[in-house]
Amino acid sequence: MTEATATGPMIRAAEVNKFFGDLHVLKDINFEVPRGQVVVVLGPSGSGKSTLCRALNRLEPINSGTIEVDGKQLPKEGKGLAALRADVGMVFQQFNLFAHKTIMDNVMLAPMKVRKLKKTDAYNTAMQLLDRVGIANQAEKYPAQLSGGQQQRAAIARALAMRPKIMMFDEPTSALDPEMVQEVLDVMTDLAKEGMTMFVVTHEMGFARRAAHRVMFMSDGEIVEDTTPDDFFTNPKSDRAKDFLSKIL
Ligand code: ADP
Ligand code: MG
């Protein structure tokens with residue numbers, strides 16, 4: 001890594017626009033995620049949060065604008081794209097674990113395939129990570145044998161196994177039973193404390209208040225507010241944010 005890329009923001013999005021047909025879902029999106037910061041994205045359903053997440057690692061192509069990860073502009077296709085995706089860990093609402101593989105195999109797979117780790121190294125790393133998210137004793141089970149909270153923690157371990165530069169979460173607790181939400185948020189909070197750069201779409205306002213360095217509020221494809229959690233929750237500027245907060249708080 002060069003000096004220049006090691007000091008700039010981890011993510012830089014400039015003038016990003018995205019259409020689905022006639023539907024303008026990302027409108028002139030501009031923001032940066034500095035290294036080691038946690039940015040929480042809030043906003044009503046349909047405001048473009050998931051599309052933005054997917055655009056950030058090119059699961060979704062954009063129509064115009066630029067996105068840089070760690071100082072490198074996202075390539076359109078090919079090898080660079082695989083490398084980029086390896087740098088961006090993604091955790092989705094649905095855990096997306098491979099159902100026919102054990103938790104251990106789920107975590108070992110990508111590091112061996114993409115990072116070319118030897119089996120013993122991949123195993124040791126996976127075990128360390130499963131221990132870190134509190135499910136080392138579930139390593140030989142299959143996803144369906146785990147609770148939703150355990151599966152989501154396994155999904156986080158799997159993403160971390162690639163040693164990503166940034167972790168992106170798209171409503172990681174929205175599919176969980178209420179009693180399992182906190183165990184996943186605790187893992188995320190630990191990650192944040194360890195200095196992981198994080199981009200988190202969530203409806204968990206407690207997490208946003210406690211863990212976020214910044215809150216971005218999206219509405220109708222725009223970033224309407226981008227400020228500290230304290231400022232956002234106590235002093236929302238836009239009518240759209242005030243309306244959103246009045247419905248959820
Ligand atoms: P959010 O995650 O904030 O709920 P999304 O990014 O999922 O919002 O969706 C933003 C808008 O884009 C919505 O109007 C949604 O219906 C639309 N949309 C999302 N994915 C597609 C798609 N693959 N094709 C067409 N429209 C889509
Ligand atoms: Mg979404």
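A crossing of two helices is right-handed if the near helix is turned clockwise from the far one by less than a right angle. In this predicted model, helix H4 passes helix H5 in a right-handed crossing.

H4 spans residues 103-113, and H5 spans residues 119-132. Their axes lie 9 Å apart. The angle between the two helices is about 125 degrees. H4 is therefore oblique to H5, because angles from 65 to 115 degrees count as roughly perpendicular and those over 145 as roughly antiparallel. On the H4 side, the contact is made by Ile103, Met104, Val107, Met108 and Met112. H5 contributes Lys119, Ala122, Tyr123, Ala126, Met127 and Leu130. Of the residues in this contact, 10 are nonpolar and 1 is charged. None is polar.

Backbone angles were also examined in two loops. Arg163 is not a glycine, yet its phi is positive, at about 50 degrees. This residue is found in the loop between helix H6 (148-160) and strand S7 (166-170). The relative accessibility of Arg163 is 67%. Arg163 therefore counts as exposed, because the cut-off for that class is over 50%.

Asp220 is another residue other than glycine with a positive phi, here near 50 degrees. Its loop joins strand S9 (214-219) and strand S10 (222-227). Asp220 has a relative accessible area of 48%. Asp220 is therefore partly exposed, since that class lies between the limits of 20% and 50%.

How values were computed
Residues are numbered from 1 along each chain as its sequence is written. Chains are lettered from A and ligands numbered from 1 in the order in which they are written. This is a predicted model: local features need pLDDT of at least 70, side-chain atom pairs count only at pLDDT 80 or more; totals for chains, interfaces and linings use all residues. Side-chain values use heavy atoms; hydrogens and water are left out. Helices (H or I, at least four residues) and strands (E, at least two) are DSSP runs, numbered from the N terminus. Buried means under 20% relative accessible area, exposed over 50%, partly exposed in between (1.4 Å probe, protein chains only). Axes are lines fitted to C-alpha atoms, for helices over the stretch in contact, and angles run from 0 to 180 degrees between N-to-C directions. Angles under 35 degrees count as roughly parallel, over 145 as roughly antiparallel, 65 to 115 as roughly perpendicular and the rest as oblique. Contact means heavy atoms within 4.5 Å. Ala, Val, Leu, Ile, Met, Phe, Trp, Tyr, Cys and Pro count as nonpolar, Asp, Glu, Lys and Arg as charged, and the others, Gly among them, as polar.
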